[in-house]
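Biologist: I should like to learn how to read the features of a structural model. Could you take me through one, giving the general idea before each case?

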Amino acid sequence: MLKGRVDVSRANRHLSAMSKVSPISAGLSERCPNCGQGRVFRGYLKFKNRCEACGQDFTQSDTADGPAFFVGFIVLIFFAPFGFIIPMADQPLWWKILLMFILVIVTIVASLILLPKAKSLMMALQVANQAKQAELKGDED
Ligand SMILES: [Zn+2]
């Protein structure tokens, strides 16, 4: 049988962490969700092990393919319509080919710019909400 238990100290830590830094602003600026100071990435998309300013552990964060999904979806919504509009435009062929080439470049650049921001944002939301794998507690009997 499952027994529900509320960990008050965890809830208090959660509240104090939330009151310090907005996970949205920390995530979008690629800063530590705990202190808002240290940078979260050591490369393009590789998290540091911990925050250089406050020591927050980043090794437990796992955003998996969430950022790629959301970025792909958002970029698709904004740029995919042009992939249908440009070929139907009453313009010379070379102009349409040039516009399609520009569309591809803009789509790739937008994805590359948004991906670290989305990953940092998802990690900040995970830390703020203390999200982790589901587990059963107090199930010894
Ligand atoms: Zn920090």
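Modeller: Let us begin with a definition: helices (H or I, at least four residues) and strands (E, at least two) are DSSP runs, numbered from the N terminus. This is a predicted model, in which local features need pLDDT of at least 70 and side-chain atom pairs count only at pLDDT 80 or more, while totals for chains, interfaces and linings use all residues. Residues are numbered from 1 along each chain as its sequence is written.

Biologist: How many helices and strands does the chain have?

Modeller: The chain has 4 helices and 0 strands, and its pattern along the sequence reads α-α-α-α.

Biologist: Is Ala-64 buried or exposed?

Modeller: A residue is buried if 20 or more other C-beta atoms lie within 10 Å of its own, exposed if 12 or fewer, and partly exposed in between, with C-beta atoms placed from the backbone. Ala-64 is exposed because 9 other C-beta atoms lie within 10 Å. Glu-30 has 16 C-beta neighbours inside 10 Å and therefore counts as partly exposed. Asp-57, in the loop between helix H2 (23–28) and H3, has 11 such neighbours inside 10 Å and so counts as exposed. Of the 141 residues of the chain, 16% count as buried.

Biologist: What span should helix H4 have, and what span does the model give?

Modeller: The expected span of a helix is 1.5 Å times one less than its number of residues. Helix H4 (residues 93–129) has 37 residues, so it should span 54 Å; its end C-alpha atoms are 52 Å apart, which agrees. Helix H3 (residues 66–88), with 23 residues, reaches 34 Å from first C-alpha to last, close to the expected 33 Å.

Biologist: Where do H3 and H4 bend?

Modeller: The bend at a residue is the angle between axes fitted to the seven residues ending there and the seven starting there. H3 has a kink of about 45° at Ile-77, shortly before the proline Pro-81. H4 bends by about 30° at Leu-114, with the proline Pro-116 following within four residues.

Biologist: Which residues have the most contacts inside the largest nonpolar core?

Modeller: In soluble globular proteins, nonpolar side chains tend to be buried together. A nonpolar core is a set of buried Ala, Val, Leu, Ile, Met, Phe, Trp, Tyr and Cys residues joined through C-beta atoms within 7 Å. The largest one has 14 residues, and Met-123 and Ala-124 have the most contacts inside it. H4 supplies the largest share of this core, 7 residues. The buried residues of H4 include Leu-121, Met-122 and Val-127.

Biologist: What does Met-123 touch?

Modeller: Two residues are in contact if their C-beta atoms, placed from the backbone, lie within 7 Å. Leaving aside residues up to four places away in sequence, Met-123 touches Gly-27, Pro-33, Val-40, Phe-47, Ser-61 and Thr-63. Among contacts in the chain between residues at least 6 apart in sequence, 52% join residues at least 24 apart.
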